[in-house]
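This briefing is meant to be read beside the sequence and the coordinates. Please keep both at hand while going through the points that follow.

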Amino acid sequence: MTVLYFASAQGLTNLKSERMRLKEGSSVKDMAAEMLRMHPDLKDIEPTIRYSVNFEITEENAPLRDGDEVAVLPPVAGG
Amino acid sequence: MKSARITRSPIDPARVLALVSDREAGGAVLFLGTIRRKSAGKTVEGLTYEVYRGMAERRMQEIEDRVRKKWPVVKIAMVHRYGPLKVGEVSVAVAVSCKHRAEAFEACRYAIDTIKGTLPMWKKERFRGGTQAWVKGAPIEA
């Protein structure tokens, strides 16, 4: 799957996106754990992060599939 | 014609208002969000908006659908800028026309509040002296 990083998450990882390979049957929660393992600097902001899968905000138990686009969304401030 | 809702180009308020002009409407409300000079006591030189564009475009459509479900809207137009903006520039515009003014005001207020809460957008403030910081924001609403 592809993981996209925005705003402060992009600054803390120095990445706009990356490919991630997870075991079959993994969930958003598993993805988040792997992300924190690779990018421990995200730990401080993780409680405020929401995740979208293919443009929809999802629960942490939502299952992931191979071609999914997962976005790491820090608190938003549009307007 | 559908005009872009997420754009890097300057917003022309007259054009946004013209998009909701309709002979069935008895009133139109236009809201403009503009870049303020002061933020938490500090002098701001400008803002840079970042957007998750694919999701933001979808969410704009969802907001329009939600507004139309709640009020008898004749026409609605919404546009949000991204990229670097200067103090005083328009960052977001919402125009709504309805048969009557009360529903136009309510629908416009709901649309801008929902834009703020549900669009995947972030802003970084550039302060005088060169420092920059992400605006704190709130967790995105479903």
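In chain B, strand β5 (residues 73-81) is paired with β7(B) through 7 bridges in the antiparallel sense, where strands (E, at least two residues) and helices (H or I, at least four) are DSSP runs numbered from the N terminus, and two strands pair if DSSP finds at least two bridges between them. The model is predicted, and local features need pLDDT of at least 70, side-chain atom pairs count only at pLDDT 80 or more, and totals for chains, interfaces and linings use all residues. Residues are numbered from 1 along each chain as its sequence is written, while chains are lettered from A and ligands numbered from 1 in the order in which they are written.

**Confidence**

- The predictor assigns the complex an ipTM of 0.94 and a pTM of 0.93.
- Chain B has a mean pLDDT of 95, with 98% of its residues at 70 or more; pLDDT is the predictor's confidence in each residue, on a scale from 0 to 100.

**The sheet of chain B**

- The open sheet of chain B consists of 4 strands in the order β1-β5-β7-β2, and its pairing is mixed.
- The edges of this sheet are β1 (6-7) and β2 (27-34) of chain B, and because each has a single partner strand, one side of each is left without a neighbour in the sheet.
- His80(B) has Val92(B), in β7(B), as its bridge partner.

**The fold of chain A**

- Chain A contains 2 helices and 5 strands, which follow the pattern β-α-β-α-β-β-β along the sequence.
- The 5 strands of chain A form an open sheet in the order β2-β1-β5-β3-β4, with mixed pairing.
- At the edges of that sheet stand β2 (17-19) and β4 (56-57) of chain A, each with a single partner strand, so one side of each has no neighbour in the sheet.
- Strand β5 (residues 69-73) of chain A is joined by 4 bridges to strand β3 (residues 50-53) of chain A, the two running antiparallel, and Ser52(A) stands opposite Ala71(A) in β5(A).
- Another 4 bridges join β5(A) to strand β1 (residues 2-5) of chain A, here in parallel, and Thr2(A) stands opposite Glu69(A) in β5(A).
- In β5(A), 4 of its 5 residues are buried, a residue being buried if 20 or more other C-beta atoms, placed from the backbone, lie within 10 Å of its own, exposed if 12 or fewer do, and partly exposed in between.

**Dimensions of chain A**

- The radius of gyration of chain A is 12 Å, which agrees with the value near 12 Å for a compact globule of 79 residues; the radius is taken over C-alpha atoms, and the globule rule is 2.2 Å times the number of residues to the power 0.38.
- Of the 79 residues in chain A, 27% are buried.

**Interface and core**

- Across the interface, 25 residues of chain B are in contact with 17 residues of chain A, a contact meaning that the C-beta atoms of two residues, placed from the backbone, lie within 7 Å.
- On the side of chain B that touches chain A, the elements giving two or more residues are α2 (53-70), β7 (90-98), α3 (101-118) and β8 (121-127) of chain B.
- The largest nonpolar core has 57 residues, and those with the most contacts inside it are Phe6(A), Val96(B) and Ala111(B); such a core is a set of buried Ala, Val, Leu, Ile, Met, Phe, Trp, Tyr and Cys residues joined through C-beta atoms within 7 Å.
- Not counting residues up to four places away in sequence, the residues that Val96(B) touches include Val20(B), Val73(B), Ala107(B) and Ala111(B).
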